[in-house]
Amino acid sequence: MENLTLNLKNKIKQLAGNKDFLHHKWFVKYHLEIAEKIALELCDIYKEADIDLVMALVWMHDYGKIINMNDQYQETQLSGEKLLLELNFPEDFSQKVINLIEIIDSKDSDKILAASIEVKIVSSADGASHLLGPFYHLWFYESPKKSIESLLEDASRKIRTDWENKIVLPEVKESFRHYFEVMKSANGILPENFLNNQNL
């Protein structure tokens with residue numbers, strides 16, 4: 001299935017590079033490729049994980065957003081499976097990918113924890129990837145009409161949702177706690193004490 005995965009990655013890269021997609025300048029390099037690297041490191045820990053399924057979930061989890069940001073979850077359901085079938089993925093595998101993305105999209109930690117290891121890996125990798133690199137800077141850059149207060153409120157909500165609901169694997173919580181605290185501060189969630197803050 002390695003060739004199928006490569007074809008999927010190339011297709012998603014092509015679609016994400018479309019200028020009609022708001023994040024086309026950076027989405028692959030500063031989100032999808034980072035999420036992939038984190039997911040692969042987690043597959044080294046969780047040997048039972050199906051790497052083909054993990055890779056398909058990584059590269060498909062934002063497919064709906066890339067195609068139609070205004071109705072991204074519906075778009076994944078409507079055309080995501082069709083894309084996988086067009087790329088010659090087996091029908092049962094394609095259906096499974098779309099069904100598991102629905103769990104990841106729920107941002108419901110109970111559902112994610114009850115799901116397969118592949119879901120836990122991709123949900124955790126996705127959430128953690130937002131804490132790295134220029135993700136929030138680029139998001140702010142693309143929202144020039146929003147007030148600073150509104151941007152910081154949006155970012156704070158997203159950071160907490162990622163940390164509390166999406167990042168469910170203990171290895172990721174441990175490794176990314178520092179990034180979490182730094183990103184909270186960078187987005188206006190300031191600690192009570194600055195000199196004796198043990199979280200940084």
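The paragraphs below walk through this structure, from its core to its salt bridges and loops.

The model is predicted, so local features are reported at pLDDT of at least 70 and side-chain atom pairs at pLDDT 80 or more, while totals for chains, interfaces and linings use all residues. Residues are numbered from 1 along each chain as its sequence is written, and side-chain values use heavy atoms, without hydrogens and water.

Start with the core. A nonpolar core is a set of buried Ala, Val, Leu, Ile, Met, Phe, Trp, Tyr and Cys residues joined through side-chain atoms within 4.5 Å. Buried means under 20% relative accessible area, exposed means over 50%, and partly exposed lies in between, with a 1.4 Å probe and protein chains only. The largest nonpolar core here has 61 residues, and those with the most contacts inside it are Leu-8, Ile-12, Val-54, Met-60, Val-97 and Ile-121. Helix α2 (residues 27–45) gives the largest share of this core, nine residues. Helices (H or I, at least four residues) and strands (E, at least two) are DSSP runs, numbered from the N terminus.

Contact means heavy atoms within 4.5 Å. Not counting residues up to four places away in sequence, Ile-121 touches Ala-39, Leu-42, Cys-43, Tyr-46, Ala-49, Val-54 and Leu-169.

Ser-94 is found in helix α6 (residues 91–106), and it counts as buried because its relative accessibility is 0%. Leaving aside neighbours within four places in sequence, Ser-94 is in contact with Glu-81, Leu-84, Leu-85 and Phe-89. A polar atom of the Ser-94 side chain also lies 2.9 Å from the backbone oxygen of Pro-90. A polar contact is a pair of N or O atoms within 3.5 Å; within protein, one must be able to donate a hydrogen and the other to accept it, and residues adjacent in sequence count only if both atoms are side-chain atoms.

Charged side chains come next. Side chains of opposite charge can pair when their charged atoms come close. A salt bridge is a side-chain nitrogen of Lys or Arg within 4 Å of a carboxyl oxygen of Asp or Glu. By this rule the structure has eight salt bridges. One of them joins Glu-36 and Lys-9, with the closest N and O atoms 2.9 Å apart. This pair links distant parts of the chain, since Glu-36 is in helix α2 and Lys-9 is in helix α1 (residues 2–16), 27 residues apart. Glu-36 is buried because its relative accessible area is 11%, and Lys-9 is buried because its value is 18%.

Asp-154 pairs with Lys-146, with the closest N and O atoms 2.6 Å apart. Asp-154 is buried, at 11% relative accessible area, whereas Lys-146 is partly exposed, at 41%. Glu-153 pairs with Arg-157 at 3.9 Å between the closest N and O atoms. Glu-153 counts as exposed at 52% relative accessibility, and Arg-157 as partly exposed at 45%. Lys-146, Glu-153, Asp-154 and Arg-157 are linked in a network of salt bridges.

What of helix α10 itself? The expected span of a helix is 1.5 Å times one less than its number of residues. For the 19 residues of α10 this should be 27 Å, and the end C-alpha atoms are 25 Å apart, which agrees. The buried residues in α10 are Leu-151, Asp-154, Ala-155, Ser-156, Ile-159, Asp-162, Trp-163 and Lys-166. What covers them includes α6, α7 (109–114), α8 (117–129), α9 (135–141) and α11 (170–186).

Two loop residues remain. Asn-88 lies in the loop between α5 (72–86) and α6, and has a positive phi of about 75 degrees although it is not a glycine. Asn-88 counts as exposed because its relative accessibility is 60%. Lys-107, in the loop between α6 and α7, has a positive phi of about 55 degrees although it is not a glycine. At 27% relative accessibility, Lys-107 counts as partly exposed.
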